[in-house]
Amino acid sequence: MEIASIMPVLEPSQAVRPAQSRGGIDPVVSERIAMIRFPLIIGVVLAHSLWGMDAKLGVAVPPSLEVLGTLFFDILPRGAVPAFTAIAGFLYFQNFDGSCSAYVRKNQVRIQTLLLPYVLWNVLVFVVFIFRCRYFGVGGGFSGSRVDLSAGGWHLVDAVLGWHSIPMTGQFWFVRNLIFLCALSPLIYVFMCRRSVGFVFCCINTALWLLGISGGQGHGILATIAYTTVFFCWGGYIAVHQIEVKALDRWWKWLFGVWIIISVATWFYFYSVHA
């Protein structure tokens, strides 16, 4: 008996289009997200690795090298956090209909993947900080090294978890903002559920960000939430209205141009807020 006679015959659409993966996300889209995750992580590392080449190298560097260092270590990598934020919004609003059950289901997962790691890592770093201060008399080297240990109650909790300032685990300000936006997801969905209104909503958020309108200076949530909201909402808008993201494969050159624009805008935003 020939093998072909016992094997099921697949239609072309079945042969090239895999079944839906868990969560209703197309496997091809999941594969694309998995593919870009590693280079985005590298981008985050680069963005935090070489601030001030003169200080890092201990010698004066030629202007040309300074320009290249700024481009590849301080400008282009800054598109990584917006990309991660858009992916987070896209994944959150997959199959989200604004209902209470959907809200509970989505945030049960985010409690495990965002909230608990955020709290535990910040508390752990704070404990190490206290240990260094107590036994070595050294408290520098931490994002929250200016924590006033004499402050009690909410002030100390705020200093560790970073509501009005950068958290003890400094790079986790991004996670803090995502937790805040996930908590507000029903309100965000109200604005985005209608295609035209959602588009205007996302454009207004983008304009506020580009104009540098924020709630203050530094890494507090009011100073950074506009930046996070922009890309979280764009990712959510794509998910809510089921925009075909696989078609973007054909437009990778244009996407690279968009990446450069976002990176430069993020770079200007960072130094305007932290000037």
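1. Helix 9 is largely enclosed by the rest of the structure, because 8 of its 11 residues are buried; buried means under 20% relative accessible area, exposed over 50%, and partly exposed in between, with a 1.4 Å probe and protein chains only. The buried residues of helix 9 are Trp173, Phe174, Val175, Arg176, Asn177, Leu178, Leu181 and Cys182. Helices here are DSSP runs (H or I, at least four residues), as strands are (E, at least two), numbered from the N terminus.

2. This is a predicted model, in which local features need pLDDT of at least 70 and side-chain atom pairs count only at pLDDT 80 or more, while totals for chains, interfaces and linings use all residues. Residues are numbered from 1 along each chain as its sequence is written, and side-chain values use heavy atoms, with hydrogens and water left out.

3. The protein chain has 13 helices and 0 strands. Buried residues account for 35% of its 275 residues. Contact means heavy atoms within 4.5 Å. Of the contacts between residues at least 6 apart in sequence, 70% join residues at least 24 apart.

4. Two packed helices are described by the angle between their axes and the distance between the axes. Axes are lines fitted to C-alpha atoms, for helices over the stretch in contact, and angles run from 0 to 180 degrees between N-to-C directions. Helix 9 (residues 173-183) packs on helix 12 (residues 221-240) at an angle of about 70°, and their axes are 9 Å apart. The two helices are therefore roughly perpendicular to each other; the cut-offs are under 35 degrees for roughly parallel, over 145 for roughly antiparallel, 65 to 115 for roughly perpendicular, and oblique for the rest. On the helix 9 side the contact is made by Trp173, Arg176, Asn177, Leu178, Phe180, Leu181 and Cys182, and on the helix 12 side by Ile221, Thr224, Ile225, Tyr227, Thr228, Thr229 and Phe232. These contact residues divide into 9 nonpolar, 4 polar and 1 charged. Ala, Val, Leu, Ile, Met, Phe, Trp, Tyr, Cys and Pro count as nonpolar, Asp, Glu, Lys and Arg as charged, and the others, Gly among them, as polar.

5. Helix 10 (residues 185-192) also meets helix 12: their axes come within 11 Å and cross at roughly 60°. Ile188, Tyr189 and Met192 of helix 10 touch Phe232, Cys233, Gly236, Tyr237 and Val240 of helix 12. This contact has 7 nonpolar residues, 1 polar and no charged.

6. A nonpolar core is a set of buried Ala, Val, Leu, Ile, Met, Phe, Trp, Tyr and Cys residues joined through side-chain atoms within 4.5 Å. The largest nonpolar core holds 38 residues, and Phe93, Ile188, Met192 and Phe232 touch the most other members. At least two core residues come from each of helix 3 (27-47), helix 6 (80-92), helix 7 (100-135), helix 9, helix 10, helix 11 (195-210) and helix 12. Helix 12 gives the largest share, 10 residues. A second, separate core of 5 residues includes Phe126, Phe129, Val160 and Met168.

7. What does Met192 touch, leaving aside its neighbours within four places in sequence? Methionine 192 is in contact with Phe93, Gly198, Phe201, Cys202, Cys233, Gly236, Tyr237, Val240 and His241.

8. Two further residues of helix 12 deserve a note. Phenylalanine 231 lies in helix 12 and is buried, with a relative accessible area of 8%. Beyond its neighbours within four places in sequence, Phe231 is in contact with Pro82, Thr85, Ala86, Trp209 and Ile262. The C-alpha atoms of Phe231 and Val81 are separated by 9.2 Å, although the two are 150 residues apart along the chain. Threonine 229, also found in helix 12, counts as buried at 12% relative accessibility. Leaving aside neighbours within four places in sequence, Thr229 is in contact with Leu181 and Asn205.

9. Is Lys106 buried or exposed? Lysine 106, in helix 7, is buried, with a relative accessible area of 8%. Apart from neighbours within four places in sequence, Lys106 is in contact with Leu91, Tyr92, Gln94 and Phe96.

10. Isoleucine 75 lies in helix 5 (residues 63-75) and counts as buried at 12% relative accessibility. Not counting residues up to four places away in sequence, Ile75 touches Thr70, Ser263, Val264 and Trp267. Ile75 and Ala265 are 190 residues apart along the chain, with their C-alpha atoms separated by 8.9 Å.
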